[in-house]
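Please view the sequence and the structure first, and then read the points below by topic.

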Amino acid sequence: MQNVLDLKGKVALITGAGQGVGRQVALDFASQGCTAVLVNDFHAERAQAVAAEVAALGSKGIPLAGDVTDLAQMLDIIGNAARDAGGLHICVNNAGNAGTSSDTSAPPFWESDRSEWDKWLGTNLFGVLNVSRAAIPIMIKSGGGSLVNVISDAGRVGEAALAVYSAAKAGASGLSRALAKGLGPHLVRVNSVSLATIMTPTIAPMLSDESAMKKMLRHYIIRRVGQPSDASNMILFLASDASSWITGQTFAVNGGYSTSQ
Ligand SMILES: NC(=O)c1ccc[n+]([C@@H]2O[C@H](COP(=O)([O-])OP(=O)(O)OC[C@H]3O[C@@H](n4cnc5c(N)ncnc54)[C@H](O)[C@@H]3O)[C@@H](O)[C@H]2O)c1
């Protein structure tokens with residue numbers, strides 16, 4: 001049977017791929033035969049470790065240490081790496097600082113300082129703008145492809161404790177829809193994947209005590225938190241030609257945390 005998720009001949013970039021969801025996406029892309037996987041993370045040692053795991057799966061793993069909030073740096077390193085790899089077909093904007101609705105330590109928005117907003121907007125919104133700006137011209141030149149933005153249910157339904165994060169993720173989702181309209185003629189599809197709680201190294205400590213986990217799971221139709229593979233399965237589908245007639249959409253991977261029509 002034909003493998004509809006086959007990524008042979010494709011070059012992919014995943015931001016924030018040094019751990020968690022992004023790392024799983026990098027490994028799954030390699031397993032599906034990606035020619036090269038550009039592994040971005042601002043922790044250089046994480047990018048290198050995951051690039052080595054990618055290489056062990058038979059794909060070319062290219063570590064791309066860099067901060068997605070820095071446009072000049074993204075233009076430089078993505079341009080150079082894509083040139084070396086022979087183009088760019090898939091871009092996953094995954095880098096983000098994940099928050100959880102159970103985090104009540106932060107002050108409410110109306111008591112927050114302007115300086116706190118930059119943390120959320122920087123990576124979750126400006127990071128997506130920067131990397132998209134750097135990657136899209138190369139994707140167009142490479143004959144088209146798929147851009148996937150990893151957002152959050154906080155951006156779709158709002159989270160009281162995560163107001164600015166919600167705004168940043170909603171912004172990235174709006175950007176996806178606008179880009180999808182502009183990029184259709186260039187054969188670049190753009191979609192968003194909206195996650196609820198996924199067990200990653202950043203989230204695990206927030207759910208380490210049993211009562212926090214129990215409280216959290218009350219909000220989920222499927223009574224478990226997600227695993228990185230739950231997210232990666234959807235991202236892989238959207239990156240592959242199996243989704244070639246899908247663009248401008250948001251797909252929730254959330255165990256039923258929120259529902260939609
Ligand atoms: N885990 C969750 O529960 C959850 C829920 C909803 C949405 N999300 C979203 O999913 C994505 C992945 O989440 P995760 O839990 O795997 O994250 P994570 O914190 O486990 O890993 C993120 C990686 O991105 C890197 N990174 C952070 N800022 C960066 C920057 N400015 N430039 C380059 N690299 C940077 C970090 O070094 C880290 O290795 C994020 O966009 C997050 O907002 C996660």
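**The ligand and its sheet**

In this predicted model, an oxygen atom of the ligand is 2.8 Å from an N or O atom in the side chain of Gln19. The protein buries 96% of the 830 Å² that the ligand exposes when taken alone. The fold includes an open sheet of seven strands, with parallel pairing.

**Polar atoms facing the ligand**

- The side chain of Arg46 has an N or O atom 2.9 Å from an oxygen atom of the ligand.
- For Tyr165, an N or O atom of the side chain is 2.8 Å from an oxygen atom of the ligand.

**The shell around the ligand**

- The ligand is surrounded by 31 residues, and the closest are Asp41, Asn94, Ile198, Thr200 and Thr202.
- By class, the residues of the shell are 12 nonpolar, 15 polar and four charged.
- Two or more residues of the shell come from each of helix H1 (20-31), S2, H4, S5 and helix H6 (163-183).
- S5 gives the largest share of the shell, namely three residues.

**The sheet**

- The strands follow the order S3-S2-S1-S4-S5-S6-S7.
- Strand S3 (60-65) and strand S7 (250-253) are the edge strands, and each pairs on one side only.
- From one strand to the next, the twist averages 20 degrees.
- Strands of a sheet pair through backbone hydrogen bonds, in either a parallel or an antiparallel manner.
- Four bridges join strand S1 (residues 11-14) to strand S2 (residues 36-41) in the parallel sense.
- Ile14 has Val39 in S2 as its bridge partner.

**Helices on the sheet**

- Helix H2 (residues 44-56) packs on the sheet and touches S2 and S3. The direction of H2 makes about 170 degrees with that of S3.
- Helix H4 (residues 114-141) lies across S1, strand S4 (90-93), strand S5 (145-152) and strand S6 (188-195). H4 runs at about 175 degrees to S4.
- H4 and S5 are also among the elements that give two or more residues to the shell around the ligand.

Key. Residues numbered from 1 in each chain as written. Predicted model: local features only at pLDDT ≥ 70, side-chain atom pairs only at ≥ 80, totals over all residues. Heavy atoms only, no water. Pairing = 2+ DSSP bridges. Axes fitted to C-alpha atoms, helices over the stretch in contact; angles between N-to-C directions. Contact = heavy atoms within 4.5 Å. Near = heavy atom within 4 Å. Polar contact = N/O pair within 3.5 Å; in protein donor to acceptor, adjacent residues only side chain to side chain. Areas by Shrake-Rupley, 256 points an atom, 1.4 Å probe, with all protein chains shown as cover. Nonpolar A, V, L, I, M, F, W, Y, C, P; charged D, E, K, R; others polar.
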